[in-house]
Amino acid sequence: MASALAIQLGVIGVYLVVALAIGLLAYRLTSRQAEDYYLAGRSIGTVVLLFTTFATLLSAFTFFGGPDLAFRAGPEWILVMGVMDGILFAILWYVVGYKQWLVGKAHGYVTLGEMLGDRFGSTRLRALVAGISLFWLFPYVMLQQMGAGEAIVGLTNGIVPYWAGAAGITVFMIAYVVLSGLRGVAWTDTLQGLFMLGVVWLAVGWVAAAAGGPAALSNALVTNKPEFVSLGGGLYTPQFIISSAITIAFGVAMFPQINQRFFVARSAKVLKRSFALWPVLVVLLFVPAFILGSWAAGLGLSVPEGANVLPVLLNEYTPVWFAALVVAGAMAAMMSSSDSMLLSGSSYFTRDLYRPFVAPDASDAREAWIARIGVALFATLTFVASLFRPGTLIEVGDTAFGGFAQMALPVIVALYWPRTTRSGMFAGIVGSQAFYLAHVFVPPVEVGGVAVFGATYLTWDYALWGMLLSLVLTVGVSVLTAAAPDENQARFSEELRAD
């Protein structure tokens, strides 16, 4: 047991050291200018942009939450993440990302709040977007730490406690982000994305060979979990699948670490190639992840309390070193999300809160160091919160997706409709966030046995209704109000028409 533990931790440790070495190299090549630290000088090419977005987005929610969900409720979630969101987000990458790239290139914007604040002549709007983004980023960073803790518990059969895994990834990602900036993050993301794809497909092949082949595994699933092999036989409904796909895809487009990647492409051609290839990569990762979770359910695998199904399945059917290698791949998924989240969060804090409200004349070098301090503080706070484990990986991730999704339609309206006003933006963003937060934190209310305040309305998720509310408020209030003299509608309209 001691030798197996040493192999497991050794494999993960070697991987972390390699990733840190890439960060150190990037640190030597990154200037002390804020734009270079946050956006790698807007010089990212197709392969690196595609893989840094891929590795940044596909995190513990994917690598551990996905197989866990397939294990508990069936593989149909693949329709949400692997197919529907693969396509929906690719469309949004063009609808939102290309417009943002045009404006960002013209004005040197680093954050979404910076762009909107300038568009509507409002530092308060800039601060609102940054504050909401940081609020919803908190649970998603915490999710990565929870995933790391649960992965270590499952891999070592509880010998290494949950808190140690969560603490380990926290220390590593603080060191890595402080050193590397986006250039190192993007390079490592490319390595991690390739690594993730490779090991998860190897895992499918190895488990299949060890458990009697795909046919035997499929028969076991039909025998032990017959409801998993028919569409609609699990816990999913069409309304749930569609609502989840929409809120996740639109939420992803507003994630700070994803949204900022709309600014970093070297050219329009790079941006367009990347979103065209996106659905292919998503399917290549989600299909094997959900296959493994479904096979584990058919095999009747017993998963210890506080562990994930993936490391338990691998410990049962693959060698110790390979199970550790796949968990290292999962750690890669978590780190590639965490490092980008922390970097983007620090830019939102420094560019949209610290610089406009505290130190407008701060130098780029000072801003960069404030960002690094913010990274350490934010990661430490999320680690402390992760120790309380406020929900499953899917629950925590889904809540964050929905929160970000509430901002998406006001932003799209602002990018495409010149008549949008500052008052309309405030109404749409604040109104939908208030609606969504009330449903997250206030218990359901029933009157006479009828739900009047709950998780769904007319069978559709409340997050979707919040998005509709954001659209109605943004457009409605904009129609009823006049643009302020300092709103830059004409200038932005010209740039957004450019191609």
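This is a predicted model: local features need pLDDT of at least 70, side-chain atom pairs count only at pLDDT 80 or more; totals for chains, interfaces and linings use all residues.
Buried, in this talk, means under 20% relative accessible area.

L134 is part of helix α7, which covers residues 123-155. Its relative accessible area is 15%, so L134 is buried. What does L134 touch, leaving aside residues up to four places away in sequence? The contacts are G345, Y348, F349, L353 and F378. Take one of them, Y348: it is 214 residues from L134 along the chain, yet their C-alpha atoms are separated by 7.6 Å.

Next, the aromatic rings. How many aromatic pairs are there? With ring centres within 6.5 Å as the rule, the count comes to 17. One of these is F255 with F401, whose ring centres are 5.2 Å apart. Their planes meet at 25 degrees, so this pair is stacked. The two residues come from distant parts of the chain, 146 residues apart. F255 sits in the loop between α10 (238-254) and α11 (256-259), while F401 belongs to helix α16, residues 393-416. Are these two buried or exposed? F255 has a relative accessible area of 0%, so it is buried. F401 comes out at 2%, so F401 is buried as well.

Staying with aromatics, F135, W136, Y436 and Y462 make up one cluster.

Last, charges over rings. R119 has its charged end over the ring of F120, 4.2 Å from the ring centre. A lysine does likewise elsewhere: K272 lies over the face of Y98, and the distance to the ring centre is 4.7 Å.

How values were computed
Residues are numbered from 1 along each chain as its sequence is written. Side-chain values use heavy atoms; hydrogens and water are left out. Helices (H or I, at least four residues) and strands (E, at least two) are DSSP runs, numbered from the N terminus. Buried means under 20% relative accessible area, exposed over 50%, partly exposed in between (1.4 Å probe, protein chains only). Contact means heavy atoms within 4.5 Å. Rings of Phe, Tyr and Trp (its six-membered ring) pair if their centres lie within 6.5 Å; planes under 30 degrees apart count as stacked, over 60 as edge-to-face and the rest as tilted. A charge sits over a ring if NZ of Lys or CZ of Arg is within 6 Å of the ring centre and within 35 degrees of the ring normal.
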